Amino acid sequence: MFTATCIAPVNMALVKYWGKRNEELILPINDSVSMTLDANEMCAKTTISASESFKQNRMWLNGEVVPFEENARLMRCVEGIHRLALANGAHKFPLSWKVHIASYNNFPTAAGLASSAAGYACLVYTLARLYDLPMNEELTTIARQGSGSACRSLYGGFVHWQRGTSADGSDSIAVQLAPAEHWPNMHMLILVVNDARKKTGSTKGMQLGVQTSALIQHRAKEVVPQRVKDLIAAIDARDFESFAEITMKESNQLHAICLDTYPPCVYMNDVSHAIANFVHDYNETVGSVQAAYTFDAGPNACLYVLAENVPRLLAAIQLAFPNDASQSVEYLKGIPVPPVEVKNGLRDVSIGHVNAKNMLKYIIHTKIGEGPKQLSDEKSLLIDGYPLTK
């Protein structure tokens, strides 16, 4: 039996991926750019074992059995890795051996927190380690066929998923723009409004958008190309103000297209909009742009903020969105944040945005992070090819 265990991080889009030109190959209608988050706070963990004794391919996700052969995206990833292993020629065991896969997310699945991106990136990276394949751009084309955004989670730092033009998707790849150490003090506060499974999944929302939105093609052709260029320049220069403006405009435009879809896809809710308003007022009150929001296909807010500004921003959030459990480790998760004295300027920023208590479920403090990595054997989720909970 041969086994590999790896973790892969979440990535959060800055320039959004929304809409496909090929559903089967998951080819996007526009480029996208993302930031990879630290796996210490949010990651997928996957163990894959291959054995001559296994009678069939099997998979467990968060402890539950999930279909394998019937899952077209999963099978495309496995078959893609098999093709690379065959071309590589140096695999340790026959490709005919069946595999058992156990995967676990340490954060909510299908709640708009990029769980599928981390999950498929981890699947592909772990398969690559199992078959002794090097990390390269070809792996990103395989991960993309599981979940589009997964290709971006195969690198750390800032990542650019290039749309490509080839019909076969061979040039639709992810490339690293800058490693995490380029902007090491880039942090994020994730304000979790709802961690339940969303009503309209991203795949369905994109399909409806491409079919019915009058705005989506204009965005893809006229808006995104310039925004990608401007964002790359802001990242290169570590220009937070420009970075923040592009990020927030991108988020706003994504959700405008979702509302332009027929019937509309509504991902943000009243608390989401209150958070967006709060961020603009906060930046105005402190006299500079210190926070930037983005919302993926869900109500949860991801706030980009430099490390030195995290304590003050968090204190203002606690005023604007009070919570009975505000000092609990179950409410404030992730990297510890030192408390700061609440000054008048901070209190002013909450005026007009003091919500009813307990509107946020919890807050995660994380930061820019590295790409996937392999773990030691003792971290395995499988024993003799079966889940630990079996």
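## Two domains in one chain

In this predicted model, the C-alpha centres of domain 1 and domain 2 lie 27 Å apart. Domain 1 covers 2-179 + 376-387 and domain 2 covers 186-367, with bounds that come from an automatic or database domain assignment.

Residues are numbered from 1 along each chain as its sequence is written, and side-chain values use heavy atoms, with hydrogens and water left out. Local features need pLDDT of at least 70 and side-chain atom pairs count only at pLDDT 80 or more, while totals for chains, interfaces and linings use all residues.

## The area between the domains

The two domains bury about 3300 Å² between them, 71% of it on carbon and sulfur atoms, where buried area is the accessible area (1.4 Å probe) that two parts lose on being put together, summed over both. Leu14, Lys16 and Trp18 supply 25% of the area that domain 1 buries against domain 2, more than any other three residues.

## Contacts across the boundary

Counting contacts as heavy atoms within 4.5 Å, 31 residues of domain 1 touch 46 residues of domain 2. One salt bridge is counted between the domains, the term meaning a side-chain nitrogen of Lys or Arg within 4 Å of a carboxyl oxygen of Asp or Glu. Lys16 forms a salt bridge with Asp296, and their closest N and O atoms are 2.5 Å apart.

The residues on the side of domain 1 that touches domain 2 divide into 18 nonpolar, six polar and seven charged, where Ala, Val, Leu, Ile, Met, Phe, Trp, Tyr, Cys and Pro count as nonpolar, Asp, Glu, Lys and Arg as charged, and the others, Gly among them, as polar.
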